[in-house]
Amino acid sequence: MKLKALSDGPPKELKIRLIKVENGDRETFIASEVEEKRIPLKDISIKNTASEIIRSCGAKIKGKFKESYLLPAFSVKPDMTAGGPIPREKLNPPTPSIYLESKRDAFSPVLLQFCTDPKNPVTVIRGLAGSLRLLGLFSTKSLVDANSDQSVEVRTQVQQPADENWDPSGTKQTWPCESSRSHTTIAKYAQYQASSFQESLQVEQKPPGKIIKFGTNIDLSDPKWKAQLQELQKLPAFMRVSSSGNMLSHVGHTILGMNTVQLYMKVPGSRTPHQENNNFCSVNINIGPGDCEWFSVHEHYWQAISDFCEHGVDYLTGSWWPVLQDLYAANIPVYRFIQRPGDLVWINAGTVHWVQAVGWCNNIAWNVGPLHYQYQLALERFEWNEVKKVKSIVPMIHVSWNVARSLKITDPDTYKMIRHCLLQSMKHIQILRDQLVGEGKKISYQSRVKDEPAYYCNECDVSI
(Lines give C-alpha, C1' and ligand atoms only; values in the text may rest on other atoms or scores of the structure.)
Protein backbone atom coordinates (compact mmCIF):
# COMPACT_ATOMS: atom_id res chain seq x y z
CA MET A 1 0.00 0.00 0.00
CA LYS A 2 2.89 2.38 0.75
CA LEU A 3 4.43 1.75 -2.65
CA LYS A 4 1.07 2.32 -4.30
CA ALA A 5 0.60 5.62 -2.45
CA LEU A 6 3.68 7.03 -4.16
CA SER A 7 1.92 6.94 -7.50
CA ASP A 8 -1.11 8.87 -6.26
CA GLY A 9 0.61 12.18 -6.92
CA PRO A 10 2.06 14.88 -4.66
CA PRO A 11 0.66 15.35 -1.13
CA LYS A 12 -2.61 17.31 -1.07
CA GLU A 13 -3.15 20.19 1.28
CA LEU A 14 -6.20 22.05 2.53
CA LYS A 15 -5.24 25.57 3.45
CA ILE A 16 -6.88 26.87 6.65
CA ARG A 17 -6.76 30.46 7.81
CA LEU A 18 -7.47 31.26 11.50
CA ILE A 19 -9.60 34.40 11.78
CA LYS A 20 -9.69 36.25 15.10
CA VAL A 21 -13.20 37.15 16.32
CA GLU A 22 -13.70 39.61 19.19
CA ASN A 23 -16.87 39.22 21.24
CA GLY A 24 -16.93 41.78 24.00
CA ASP A 25 -13.86 41.09 26.13
CA ARG A 26 -13.43 37.58 24.74
CA GLU A 27 -11.30 36.55 21.73
CA THR A 28 -12.03 33.42 19.77
CA PHE A 29 -10.78 32.02 16.49
CA ILE A 30 -12.72 30.41 13.72
CA ALA A 31 -11.19 28.20 11.08
CA SER A 32 -11.89 29.28 7.52
CA GLU A 33 -11.04 27.22 4.49
CA VAL A 34 -9.11 29.25 1.92
CA GLU A 35 -10.11 28.34 -1.59
CA GLU A 36 -7.04 28.60 -3.77
CA LYS A 37 -8.03 29.05 -7.36
CA ARG A 38 -5.96 27.31 -9.99
CA ILE A 39 -5.06 29.77 -12.74
CA PRO A 40 -5.02 28.10 -16.19
CA LEU A 41 -1.42 27.47 -17.20
CA LYS A 42 -1.83 29.52 -20.39
CA ASP A 43 -2.77 32.59 -18.30
CA ILE A 44 0.28 32.46 -16.04
CA SER A 45 2.73 35.38 -16.49
CA ILE A 46 5.79 36.82 -14.76
CA LYS A 47 3.41 38.74 -12.45
CA ASN A 48 2.31 35.51 -10.73
CA THR A 49 3.88 34.10 -7.59
CA ALA A 50 5.84 30.86 -7.42
CA SER A 51 3.03 29.09 -5.53
CA GLU A 52 0.49 30.13 -8.19
CA ILE A 53 2.80 28.75 -10.90
CA ILE A 54 3.20 25.41 -9.10
CA ARG A 55 -0.56 25.11 -8.54
CA SER A 56 -1.27 25.78 -12.22
CA CYS A 57 1.07 22.99 -13.26
CA GLY A 58 -1.18 20.42 -11.55
CA ALA A 59 -3.17 19.93 -14.76
CA LYS A 60 -2.49 16.62 -16.48
CA ILE A 61 -0.29 17.13 -19.54
CA LYS A 62 0.34 14.22 -21.87
CA GLY A 63 3.73 13.82 -23.49
CA LYS A 64 6.70 16.16 -23.30
CA PHE A 65 5.96 19.75 -22.26
CA LYS A 66 8.05 22.23 -24.24
CA GLU A 67 7.76 26.01 -24.32
CA SER A 68 10.37 28.65 -25.10
CA TYR A 69 12.33 30.32 -22.32
CA LEU A 70 12.10 33.58 -24.28
CA LEU A 71 9.15 35.81 -25.11
CA PRO A 72 9.37 37.77 -28.40
CA ALA A 73 7.66 40.68 -26.60
CA PHE A 74 10.75 41.06 -24.37
CA SER A 75 13.24 41.17 -27.28
CA VAL A 76 16.00 43.79 -27.06
CA LYS A 77 17.57 43.06 -30.46
CA PRO A 78 18.10 46.06 -32.76
CA ASP A 79 16.21 46.34 -36.03
CA MET A 80 18.92 45.77 -38.66
CA THR A 81 16.66 45.35 -41.67
CA ALA A 82 17.73 47.66 -44.49
CA GLY A 83 15.25 49.43 -46.76
CA GLY A 84 16.69 47.62 -49.80
CA PRO A 85 19.99 46.33 -51.20
CA ILE A 86 23.05 47.75 -49.45
CA PRO A 87 25.33 49.69 -51.85
CA ARG A 88 28.60 47.83 -52.61
CA GLU A 89 30.74 50.48 -50.84
CA LYS A 90 28.72 49.97 -47.63
CA LEU A 91 29.29 46.22 -47.61
CA ASN A 92 32.76 46.98 -46.14
CA PRO A 93 31.84 49.30 -43.24
CA PRO A 94 34.65 50.93 -41.23
CA THR A 95 35.48 49.09 -37.99
CA PRO A 96 35.02 51.16 -34.80
CA SER A 97 38.57 51.70 -33.52
CA ILE A 98 39.01 53.46 -30.19
CA TYR A 99 42.22 55.28 -29.33
CA LEU A 100 42.35 55.92 -25.59
CA GLU A 101 43.84 59.23 -24.48
CA SER A 102 44.83 57.82 -21.10
CA LYS A 103 44.54 54.67 -18.98
CA ARG A 104 41.68 56.34 -17.14
CA ASP A 105 39.61 56.36 -20.35
CA ALA A 106 39.67 52.54 -20.35
CA PHE A 107 37.54 52.60 -17.19
CA SER A 108 34.98 55.07 -18.50
CA PRO A 109 31.34 53.83 -18.51
CA VAL A 110 31.12 55.25 -22.05
CA LEU A 111 33.55 52.54 -23.27
CA LEU A 112 31.37 49.81 -21.72
CA GLN A 113 28.24 51.31 -23.34
CA PHE A 114 29.92 51.51 -26.76
CA CYS A 115 31.34 47.97 -26.73
CA THR A 116 28.07 46.37 -25.60
CA ASP A 117 25.80 48.44 -27.89
CA PRO A 118 23.80 45.84 -29.89
CA LYS A 119 24.43 47.77 -33.11
CA ASN A 120 28.25 47.49 -32.80
CA PRO A 121 29.32 43.92 -33.67
CA VAL A 122 33.02 44.54 -33.01
CA THR A 123 35.23 47.19 -31.39
CA VAL A 124 39.03 47.47 -31.58
CA ILE A 125 40.71 49.25 -28.68
CA ARG A 126 44.06 50.27 -30.07
CA GLY A 127 47.13 49.79 -27.89
CA LEU A 128 45.22 49.05 -24.68
CA ALA A 129 47.28 46.02 -23.65
CA GLY A 130 50.47 47.89 -24.51
CA SER A 131 49.57 50.88 -22.36
CA LEU A 132 48.72 48.53 -19.45
CA ARG A 133 52.04 46.69 -19.97
CA LEU A 134 50.42 43.26 -20.48
CA LEU A 135 52.50 42.03 -23.40
CA GLY A 136 55.81 40.88 -21.88
CA LEU A 137 54.43 38.08 -19.71
CA PHE A 138 52.75 36.37 -22.69
CA SER A 139 55.71 36.42 -25.08
CA THR A 140 56.90 33.01 -26.31
CA LYS A 141 60.03 33.22 -24.14
CA SER A 142 57.96 33.98 -21.01
CA LEU A 143 55.58 31.13 -21.80
CA VAL A 144 58.43 28.63 -22.17
CA ASP A 145 59.99 29.86 -18.90
CA ALA A 146 56.67 29.56 -17.03
CA ASN A 147 55.45 26.13 -18.16
CA SER A 148 57.39 24.59 -21.06
CA ASP A 149 55.77 21.12 -20.79
CA GLN A 150 52.15 22.28 -21.03
CA SER A 151 50.14 20.53 -23.73
CA VAL A 152 49.32 22.39 -26.96
CA GLU A 153 46.64 21.32 -29.44
CA VAL A 154 48.07 21.64 -32.96
CA ARG A 155 45.97 22.23 -36.08
CA THR A 156 47.69 21.42 -39.37
CA GLN A 157 46.41 23.85 -42.02
CA VAL A 158 47.17 25.01 -45.56
CA GLN A 159 48.54 28.56 -45.77
CA GLN A 160 46.34 30.75 -48.01
CA PRO A 161 45.62 34.46 -48.56
CA ALA A 162 43.23 35.71 -45.83
CA ASP A 163 40.38 36.47 -48.23
CA GLU A 164 40.55 33.13 -50.08
CA ASN A 165 39.69 29.53 -49.22
CA TRP A 166 40.41 26.94 -51.91
CA ASP A 167 39.21 23.36 -52.05
CA PRO A 168 41.85 20.57 -51.83
CA SER A 169 42.16 20.44 -55.64
CA GLY A 170 42.84 24.21 -55.79
CA THR A 171 40.23 24.72 -58.51
CA LYS A 172 37.44 26.60 -56.71
CA GLN A 173 36.74 28.58 -53.56
CA THR A 174 34.75 26.77 -50.89
CA TRP A 175 33.39 27.16 -47.33
CA PRO A 176 34.73 24.06 -45.48
CA CYS A 177 38.01 24.79 -43.68
CA GLU A 178 39.25 21.45 -42.42
CA SER A 179 42.41 20.78 -40.41
CA SER A 180 43.90 17.72 -38.73
CA ARG A 181 44.54 17.67 -34.99
CA SER A 182 47.61 16.57 -33.00
CA HIS A 183 49.37 17.61 -29.77
CA THR A 184 52.76 18.93 -28.69
CA THR A 185 54.21 21.05 -25.85
CA ILE A 186 54.75 24.79 -25.50
CA ALA A 187 58.54 24.29 -25.70
CA LYS A 188 58.34 22.27 -28.93
CA TYR A 189 55.85 24.64 -30.56
CA ALA A 190 58.09 27.58 -29.60
CA GLN A 191 60.94 25.88 -31.50
CA TYR A 192 58.67 25.42 -34.53
CA GLN A 193 57.50 29.07 -34.34
CA ALA A 194 61.14 30.29 -34.22
CA SER A 195 62.37 28.02 -37.03
CA SER A 196 59.40 29.07 -39.20
CA PHE A 197 60.43 32.69 -38.73
CA GLN A 198 64.08 31.91 -39.57
CA GLU A 199 62.97 30.14 -42.76
CA SER A 200 61.06 33.25 -43.84
CA LEU A 201 64.28 35.28 -43.75
CA GLN A 202 65.75 33.15 -46.52
CA VAL A 203 65.82 34.74 -49.99
CA GLU A 204 63.57 32.11 -51.56
CA GLN A 205 60.03 32.53 -50.25
CA LYS A 206 57.71 29.52 -50.41
CA PRO A 207 54.46 30.28 -52.25
CA PRO A 208 51.09 30.11 -50.45
CA GLY A 209 49.80 26.56 -50.16
CA LYS A 210 52.49 25.23 -47.82
CA ILE A 211 51.48 23.24 -44.73
CA ILE A 212 51.59 25.15 -41.42
CA LYS A 213 50.96 24.24 -37.79
CA PHE A 214 48.77 26.41 -35.52
CA GLY A 215 49.10 26.04 -31.70
CA THR A 216 45.60 26.50 -30.29
CA ASN A 217 43.41 26.10 -27.16
CA ILE A 218 46.29 26.28 -24.66
CA ASP A 219 44.60 26.48 -21.26
CA LEU A 220 46.09 28.93 -18.77
CA SER A 221 44.06 27.94 -15.68
CA ASP A 222 47.01 26.08 -14.10
CA PRO A 223 48.50 27.76 -10.96
CA LYS A 224 51.83 28.08 -12.86
CA TRP A 225 50.22 30.97 -14.80
CA LYS A 226 49.41 32.97 -11.67
CA ALA A 227 51.68 35.89 -12.61
CA GLN A 228 50.17 36.14 -16.10
CA LEU A 229 46.57 35.99 -14.87
CA GLN A 230 47.26 38.56 -12.15
CA GLU A 231 48.29 41.04 -14.84
CA LEU A 232 44.88 40.74 -16.52
CA GLN A 233 43.31 42.29 -13.41
CA LYS A 234 44.57 45.61 -14.83
CA LEU A 235 41.81 45.50 -17.45
CA PRO A 236 38.48 47.33 -17.02
CA ALA A 237 36.03 45.24 -14.93
CA PHE A 238 33.67 44.40 -17.81
CA MET A 239 36.56 42.86 -19.80
CA ARG A 240 38.01 40.75 -16.97
CA VAL A 241 37.88 36.97 -16.86
CA SER A 242 35.87 37.25 -13.64
CA SER A 243 33.60 40.06 -12.42
CA SER A 244 30.23 40.33 -10.68
CA GLY A 245 28.41 41.55 -13.80
CA ASN A 246 29.74 38.65 -15.92
CA MET A 247 27.26 35.77 -16.27
CA LEU A 248 30.16 33.32 -16.68
CA SER A 249 31.29 34.20 -13.14
CA HIS A 250 27.96 32.80 -11.89
CA VAL A 251 28.20 29.38 -13.55
CA GLY A 252 29.72 27.95 -10.37
CA HIS A 253 32.31 25.84 -12.17
CA THR A 254 35.09 26.14 -14.75
CA ILE A 255 34.30 26.19 -18.46
CA LEU A 256 37.70 25.94 -20.15
CA GLY A 257 38.36 28.77 -22.61
CA MET A 258 35.25 30.66 -21.56
CA ASN A 259 35.70 31.66 -17.91
CA THR A 260 39.39 30.74 -18.14
CA VAL A 261 42.07 32.24 -20.40
CA GLN A 262 43.24 30.43 -23.52
CA LEU A 263 46.43 31.09 -25.46
CA TYR A 264 47.02 30.78 -29.21
CA MET A 265 50.55 30.52 -30.68
CA LYS A 266 50.59 31.32 -34.39
CA VAL A 267 52.62 31.42 -37.57
CA PRO A 268 51.41 33.28 -40.70
CA GLY A 269 48.24 31.70 -42.12
CA SER A 270 46.90 30.24 -38.83
CA ARG A 271 43.09 30.39 -39.01
CA THR A 272 40.27 30.53 -36.44
CA PRO A 273 36.66 30.73 -37.69
CA HIS A 274 33.55 30.64 -35.45
CA GLN A 275 30.69 32.19 -33.56
CA GLU A 276 31.37 31.97 -29.81
CA ASN A 277 29.78 29.26 -27.63
CA ASN A 278 26.20 30.32 -26.78
CA ASN A 279 26.81 33.67 -28.52
CA PHE A 280 28.95 35.03 -25.67
CA CYS A 281 31.07 38.16 -26.04
CA SER A 282 34.82 37.59 -26.27
CA VAL A 283 37.99 39.51 -25.49
CA ASN A 284 41.07 38.90 -27.66
CA ILE A 285 44.48 40.52 -27.15
CA ASN A 286 47.28 40.28 -29.72
CA ILE A 287 50.58 39.90 -27.87
CA GLY A 288 52.57 40.20 -31.10
CA PRO A 289 55.09 40.67 -32.52
CA GLY A 290 53.09 40.12 -35.76
CA ASP A 291 49.59 41.23 -36.81
CA CYS A 292 46.28 39.38 -37.23
CA GLU A 293 43.60 40.06 -39.83
CA TRP A 294 39.95 39.88 -38.75
CA PHE A 295 36.64 39.56 -40.57
CA SER A 296 33.34 39.93 -38.71
CA VAL A 297 29.61 40.03 -39.41
CA HIS A 298 26.75 41.24 -37.18
CA GLU A 299 24.70 38.59 -35.37
CA HIS A 300 21.66 39.63 -37.43
CA TYR A 301 23.11 37.71 -40.41
CA TRP A 302 24.11 34.47 -38.67
CA GLN A 303 21.22 32.49 -40.14
CA ALA A 304 22.23 33.45 -43.69
CA ILE A 305 25.80 32.33 -42.98
CA SER A 306 24.47 29.10 -41.47
CA ASP A 307 22.51 28.49 -44.68
CA PHE A 308 25.72 28.90 -46.74
CA CYS A 309 27.42 26.35 -44.48
CA GLU A 310 24.83 23.72 -45.36
CA HIS A 311 26.79 23.17 -48.58
CA GLY A 312 29.41 20.90 -47.05
CA VAL A 313 29.97 21.87 -43.39
CA ASP A 314 27.92 22.11 -40.17
CA TYR A 315 27.62 25.70 -38.95
CA LEU A 316 27.48 24.90 -35.21
CA THR A 317 30.09 22.15 -35.00
CA GLY A 318 32.17 22.38 -38.19
CA SER A 319 35.04 24.61 -39.32
CA TRP A 320 34.31 27.06 -42.14
CA TRP A 321 35.89 30.05 -43.88
CA PRO A 322 33.29 32.27 -45.65
CA VAL A 323 33.76 33.11 -49.32
CA LEU A 324 33.56 36.93 -49.29
CA GLN A 325 31.87 37.19 -52.69
CA ASP A 326 29.06 34.92 -51.42
CA LEU A 327 28.46 37.29 -48.51
CA TYR A 328 28.50 40.43 -50.65
CA ALA A 329 26.10 38.82 -53.16
CA ALA A 330 23.76 38.05 -50.22
CA ASN A 331 23.85 41.73 -49.12
CA ILE A 332 25.80 40.97 -45.93
CA PRO A 333 28.20 43.71 -44.65
CA VAL A 334 31.64 42.45 -43.55
CA TYR A 335 33.93 44.34 -41.17
CA ARG A 336 37.61 43.77 -42.02
CA PHE A 337 40.55 45.09 -39.98
CA ILE A 338 44.12 44.48 -38.77
CA GLN A 339 44.80 43.76 -35.08
CA ARG A 340 48.27 44.97 -34.19
CA PRO A 341 50.32 43.99 -31.08
CA GLY A 342 48.69 45.46 -27.97
CA ASP A 343 45.28 45.85 -29.64
CA LEU A 344 42.28 44.43 -27.80
CA VAL A 345 39.38 43.20 -29.92
CA TRP A 346 35.94 43.12 -28.28
CA ILE A 347 33.58 40.75 -30.10
CA ASN A 348 30.02 41.66 -29.16
CA ALA A 349 27.33 39.07 -28.40
CA GLY A 350 26.63 36.76 -31.34
CA THR A 351 29.07 38.36 -33.79
CA VAL A 352 30.28 35.88 -36.43
CA HIS A 353 34.05 36.23 -37.00
CA TRP A 354 37.06 34.56 -38.60
CA VAL A 355 40.71 35.43 -37.97
CA GLN A 356 44.02 34.76 -39.72
CA ALA A 357 47.56 35.48 -38.48
CA VAL A 358 49.48 37.81 -40.80
CA GLY A 359 52.75 37.39 -38.90
CA TRP A 360 54.22 35.36 -36.05
CA CYS A 361 52.24 36.16 -32.91
CA ASN A 362 50.57 34.95 -29.73
CA ASN A 363 47.00 35.82 -28.75
CA ILE A 364 45.11 35.41 -25.48
CA ALA A 365 41.33 35.22 -25.37
CA TRP A 366 38.35 34.42 -23.11
CA ASN A 367 34.59 35.00 -22.99
CA VAL A 368 32.51 37.40 -20.94
CA GLY A 369 28.76 37.64 -20.44
CA PRO A 370 27.39 41.10 -19.71
CA LEU A 371 23.64 41.02 -19.13
CA HIS A 372 20.86 42.55 -21.32
CA TYR A 373 21.43 41.91 -25.08
CA GLN A 374 23.91 39.13 -24.28
CA TYR A 375 21.36 37.32 -22.10
CA GLN A 376 18.77 37.13 -24.89
CA LEU A 377 21.26 35.88 -27.50
CA ALA A 378 22.71 33.28 -25.12
CA LEU A 379 19.23 31.87 -24.41
CA GLU A 380 18.33 31.92 -28.12
CA ARG A 381 21.41 29.85 -28.98
CA PHE A 382 20.73 27.56 -25.98
CA GLU A 383 17.32 26.73 -27.48
CA TRP A 384 18.64 26.46 -31.06
CA ASN A 385 21.36 24.05 -29.89
CA GLU A 386 18.64 21.88 -28.34
CA VAL A 387 16.74 21.83 -31.65
CA LYS A 388 19.95 20.90 -33.54
CA LYS A 389 20.97 18.37 -30.84
CA VAL A 390 24.22 20.22 -30.07
CA LYS A 391 25.50 20.55 -26.49
CA SER A 392 25.31 24.07 -25.04
CA ILE A 393 28.66 24.69 -23.35
CA VAL A 394 26.96 27.22 -21.04
CA PRO A 395 24.03 25.72 -19.03
CA MET A 396 21.86 28.82 -19.38
CA ILE A 397 18.93 27.79 -17.13
CA HIS A 398 21.33 26.92 -14.32
CA VAL A 399 23.11 30.26 -14.88
CA SER A 400 19.79 32.16 -14.89
CA TRP A 401 18.86 30.87 -11.43
CA ASN A 402 22.35 31.70 -10.10
CA VAL A 403 22.24 35.23 -11.56
CA ALA A 404 18.74 35.83 -10.14
CA ARG A 405 19.95 34.68 -6.73
CA SER A 406 23.23 36.64 -6.74
CA LEU A 407 22.60 39.91 -8.58
CA LYS A 408 20.17 42.81 -8.28
CA ILE A 409 18.89 43.34 -11.83
CA THR A 410 18.08 47.02 -12.37
CA ASP A 411 17.48 47.03 -16.14
CA PRO A 412 13.72 46.41 -16.65
CA ASP A 413 14.12 44.50 -19.95
CA THR A 414 16.73 42.15 -18.52
CA TYR A 415 14.62 41.68 -15.39
CA LYS A 416 11.59 40.62 -17.48
CA MET A 417 13.68 38.23 -19.62
CA ILE A 418 15.27 36.51 -16.62
CA ARG A 419 11.99 36.33 -14.71
CA HIS A 420 10.24 34.78 -17.72
CA CYS A 421 13.05 32.22 -18.05
CA LEU A 422 12.67 31.26 -14.37
CA LEU A 423 8.89 31.02 -14.80
CA GLN A 424 9.31 28.64 -17.76
CA SER A 425 11.96 26.66 -15.88
CA MET A 426 9.60 26.24 -12.91
CA LYS A 427 6.79 25.06 -15.20
CA HIS A 428 9.03 22.55 -16.99
CA ILE A 429 10.39 21.14 -13.70
CA GLN A 430 7.04 20.89 -11.91
CA ILE A 431 5.25 19.22 -14.85
CA LEU A 432 8.12 16.73 -15.30
CA ARG A 433 8.12 16.05 -11.55
CA ASP A 434 4.37 15.38 -11.53
CA GLN A 435 4.74 13.04 -14.50
CA LEU A 436 7.54 11.10 -12.81
CA VAL A 437 5.65 10.77 -9.53
CA GLY A 438 2.55 9.75 -11.49
CA GLU A 439 4.57 6.90 -13.01
CA GLY A 440 5.69 5.71 -9.57
CA LYS A 441 9.26 7.04 -9.79
CA LYS A 442 10.98 8.01 -6.57
CA ILE A 443 12.62 11.44 -6.58
CA SER A 444 15.56 11.99 -4.22
CA TYR A 445 16.92 15.42 -3.41
CA GLN A 446 20.63 15.86 -4.12
CA SER A 447 22.27 19.06 -2.95
CA ARG A 448 24.96 20.76 -5.02
CA VAL A 449 28.53 20.99 -3.75
CA LYS A 450 31.05 23.74 -4.50
CA ASP A 451 32.50 23.67 -8.06
CA GLU A 452 30.17 20.82 -9.04
CA PRO A 453 29.55 21.03 -12.80
CA ALA A 454 26.14 21.34 -14.43
CA TYR A 455 24.76 18.07 -15.79
CA TYR A 456 23.78 17.06 -19.31
CA CYS A 457 21.78 14.09 -20.62
CA ASN A 458 24.12 11.31 -21.77
CA GLU A 459 21.94 10.63 -24.82
CA CYS A 460 20.82 14.02 -26.15
CA ASP A 461 23.26 16.49 -24.50
CA VAL A 462 20.41 18.64 -23.13
CA SER A 463 21.31 20.60 -19.99
CA ILE A 464 19.55 19.09 -16.94
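Among contacts in the protein between residues at least 6 apart in sequence, 82% join residues at least 24 apart; contact here means heavy atoms within 4.5 Å. The model is a predicted one, in which local features need pLDDT of at least 70, side-chain atom pairs count only at pLDDT 80 or more, and totals for chains, interfaces and linings use all residues. Residues are numbered from 1 along each chain as its sequence is written, and side-chain values use heavy atoms, with hydrogens and water left out.

**Overall layout**

The C-alpha trace spans about 110 × 50 × 45 Å along its principal axes. The secondary structure comes to twelve helices and 15 strands. These elements are DSSP runs numbered from the N terminus, with helices being H or I runs of at least four residues and strands being E runs of at least two. Of the 464 residues in the protein, 47% are buried. Buried means under 20% relative accessible area, exposed means over 50%, and partly exposed lies in between, with a 1.4 Å probe and protein chains only.

**The two domains**

The domain assignment gives domain 1 (19-76 + 372-436 + 454-463) and domain 2 (90-369). Such bounds come from an automatic or database domain assignment. The centres of domain 1 and domain 2, taken over C-alpha atoms, are separated by 37 Å.

At the interface, 25 residues of domain 1 are in contact with 26 residues of domain 2. Together the two domains bury about 2,100 Å², with 64% of this on carbon and sulfur atoms. Buried area is the accessible area (1.4 Å probe) that two parts lose on being put together, summed over both. In domain 1, Tyr-373, Gln-374 and Arg-381 lose the most area to domain 2, and together they account for 34% of what that side buries.

Between domain 1 and domain 2 the count of salt bridges is zero. Nine residue pairs are in polar contact across this interface, both residues being at pLDDT 80 or more. A polar contact is a pair of N or O atoms within 3.5 Å; within protein, one must be able to donate a hydrogen and the other to accept it, and residues adjacent in sequence count only if both atoms are side-chain atoms.

Helix H10 (373-387) and helix H11 (396-406) each supply at least two residues of the side of domain 1 that touches domain 2. H10 gives the most to that side, with ten residues. The residues of this side divide into 16 nonpolar, six polar and three charged. In this grouping, Ala, Val, Leu, Ile, Met, Phe, Trp, Tyr, Cys and Pro count as nonpolar, Asp, Glu, Lys and Arg as charged, and the others, Gly among them, as polar.

**Salt bridges**

Side chains of opposite charge can pair when their charged atoms come close. A search of the whole structure finds 13 salt bridges. The rule for a salt bridge is a side-chain nitrogen of Lys or Arg within 4 Å of a carboxyl oxygen of Asp or Glu. The table gives examples.

| Pair | N to O distance |
|---|---|
| Lys-66 and Glu-386 | 3.6 Å |
| Lys-77 and Glu-299 | 3.4 Å |
| Glu-231 and Lys-234 | 2.7 Å |

Lys-66 lies in the loop between helix H2 (50-56) and strand S3 (97-99) and Glu-386 in helix H10, so this pair ties together parts that are 320 residues apart in sequence. Lys-66 is partly exposed, at 42% relative accessible area, and Glu-386 is also partly exposed, at 21%.

Lys-77 lies in the loop between H2 and S3, while Glu-299 lies in the loop between strand S11 (292-297) and helix H8 (302-309), so their pair ties together parts that are 222 residues apart in sequence. Lys-77 is partly exposed at 32% relative accessibility, whereas Glu-299 is buried at 3%.

In the remaining pair of the table, Glu-231 is buried at 18% relative accessibility and Lys-234 is partly exposed at 32%. Salt bridges that share partners join Lys-77, Glu-299 and Glu-380 into one network.

Asn-385 lies in helix H10 and is buried, at 5% relative accessibility. Leaving out residues up to four places away in sequence, Asn-385 touches Asn-278, Leu-316, Val-390, Lys-391 and Ser-392. The side chain of Asn-385 makes a polar contact with the side chain of Ser-392, at 3.0 Å.

Asn-402 is in helix H11 and is buried, with a relative accessible area of 12%. Not counting residues up to four places away in sequence, Asn-402 touches His-250 and Val-251.
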